[in-house]
Amino acid sequence: MPGPLENRVALITGAGRGIGLAAAARLARDGAAVVVNDLDGDAAEDAVAAITAAGARAVAAPGSVVDLDDVAAMLEIARKSFGRLDILVNNAGITADAMAHNMTDEQWNLVCDVALKGTFNLCRAAFPLLRGSRDHPSAHHRKVINMASINGIYGIAGNANYSAAKGGVIALTKSLAREWARHRINVNAVAPGYIAGTRLTGARDDGTGLGIPEAVIERIEAQIPIGRAGTPEDVAGAVAWLAGADSDYATGQVIELHGGREMVELL
C-alpha cells in the first residue's frame with residue numbers, strides 16, 4: 001500500500017543526525033522523497049545512504065541555512081531531483097550557552113542566525129516552490145514545520161539566546177500561517193522538551209564537548225511525569241502528522257512535546 005506521503009517531496013534541514021535524521025527517515029518511510037540538508041556534508045550523505053538502503057528516495061543537499069547561496073542551492077537540488085517541494089522541515093539549530101550577563105555577541109548571533117534567521121531564510125526562499133504555479137495550483141496542502149522548543153515558550157536560565165531564537169520561530173510560524181493560508185500552505189511548529197539521543201542533550205563526557213552533565217540529565221528524566229525522556233522518533237511522529245493530510249485544518253499551531261514537564265531547569 002502507498003504511504004500517506006506518497007508522491008510528496010520534503011526538505012529537512014539539520015537532518016544529518018538526531019531529530020532531523022529521525023524526521024527524514026520517518027517521512028521517507030511514509031513515502032516522501034526527501035532532501036537531506038546538513039552543514040556536515042558527510043553526515044548528510046550517510047543519512048541519504050541509510051534512507052535509500054531502506055528503499056526510499058533521498059538526496060543530499062549540504063550547506064548552511066545562514067548562507068543565502070547555500071539555501072538557494074538546497075532548493076535547486078529539490079527542484080532538479082524531484083521537480084517540486086511539498087514539505088519543508090526547518091530543524092537546523094545550535095546552542096552556545098551562557099548566562100545572559102556573560103554572553104558574548106558571537107554566542108548571541110550564532111544561535112539566533114541559525115535557529116531564527118535560518119528558518120526565515122528557508123521559508124522565504126522556498127515559498128515559490130511551495131506555492132507552485134498560479135496556473136497549476138497544487139491539489140493538496142503543502143506543509144511547513146518549524147522546530148521550536150519549550151525554551152521558546154517558557155524560557156530557561158543560561159540559554160537566553162536559544163530561548164529568544166525559538167520564541168521568534170514560534171512568532172514567525174504564526175505570522176506565516178496567516179500569510180500563507182490562502183495558498184493552502186499550512187505552517188506549524190513542534191516544541192520539544194528534553195529529547196535524549198541528540199548531540200545537544202548528550203552528557204559532556206561523550207567526546208563532543210556539547211550537552212549537559214549526566215547528573216542533570218538524570219534529575220530531568222526523573223521529573224518527567226510520563227516516566228521517560230523523549231526520543232527523536234517521538235518528535236518525528238509529530239512532524240509526520242503535520243506533514244500529512246490529517247493536519248490540513250491545522251495551521252499556526254505549536255505542538256508541545258515534553259512528557260508533561262514544561263520547564264527544564266539545568267541549574
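Guide: Start with a helix. Helices (H or I, at least four residues) and strands (E, at least two) are DSSP runs, numbered from the N terminus. H1 has 12 residues and spans 17 Å from its first C-alpha to its last, close to the 16 Å expected at 1.5 Å a residue. The expected span is 1.5 Å times one less than the number of residues in the helix. Now the ground rules. This is a predicted model, where local features need pLDDT of at least 70 and side-chain atom pairs count only at pLDDT 80 or more, while totals for chains, interfaces and linings use all residues. Residues are numbered from 1 along each chain as its sequence is written, and side-chain values use heavy atoms, with hydrogens and water left out.

Visitor: Which residues of H1 are buried?

Guide: Buried means under 20% relative accessible area, exposed means over 50%, and partly exposed is in between (1.4 Å probe, protein chains only). In H1 the buried residues are Gly-18, Ile-19, Gly-20, Ala-22, Ala-23, Ala-24, Leu-27 and Ala-28. After H1 comes Gly-31, with a positive phi near 110 degrees.

Visitor: Which residues touch the most other members of the largest nonpolar core?

Guide: A nonpolar core is a set of buried Ala, Val, Leu, Ile, Met, Phe, Trp, Tyr and Cys residues joined through side-chain atoms within 4.5 Å. The largest one here has 30 residues, and Leu-27, Val-34, Val-36 and Val-239 touch the most other members. Elements giving two or more residues to this core include H1, strand E2 (33-36) and helix H8 (232-243). H8 gives the largest share, 6 residues. A second, separate core has 27 residues, among them Ala-61, Val-65, Val-114 and Leu-176.

Visitor: What does Val-239 touch?

Guide: Contact means heavy atoms within 4.5 Å. Leaving out residues up to four places away in sequence, Val-239 touches Ala-23, Leu-27, Val-89, Ile-145, Met-147 and Val-190.

Visitor: At what angle do H3 and H4 pack?

Guide: Axes are lines fitted to C-alpha atoms, for helices over the stretch in contact, and angles run from 0 to 180 degrees between N-to-C directions. Helix H3 (residues 68-82) and H4 pack at about 35 degrees, with axes 10 Å apart. Leu-68 and Val-71 are among the H3 residues at this meeting, and Asn-121 and Leu-122 are among those from H4.

Visitor: Is Asn-121 buried or exposed?

Guide: Asn-121 counts as buried because its relative accessibility is 2%. Beyond four places in sequence, Asn-121 touches Val-65, Val-66, Leu-68 and Val-71. The side chain of Asn-121 also reaches the backbone oxygen of Val-65 at 3.0 Å.

Visitor: Which side chain makes a polar contact with that of His-141?

Guide: A polar contact is a pair of N or O atoms within 3.5 Å; within protein, one must be able to donate a hydrogen and the other to accept it, and residues adjacent in sequence count only if both atoms are side-chain atoms. The side chains of His-141 and Asn-186 make one at 2.8 Å. His-141 sits in the loop between helix H4 (105-131) and E5.

Visitor: What is the phi of Arg-184?

Guide: Most residues other than glycine have a negative phi. Arg-184 is not a glycine, yet its phi is positive, about 60 degrees. Arg-184 lies in the loop between helix H6 (160-180) and strand E6 (185-192). Arg-184 is partly exposed because its relative accessible area is 36%. Asn-7, also not a glycine, has a positive phi of about 65 degrees.
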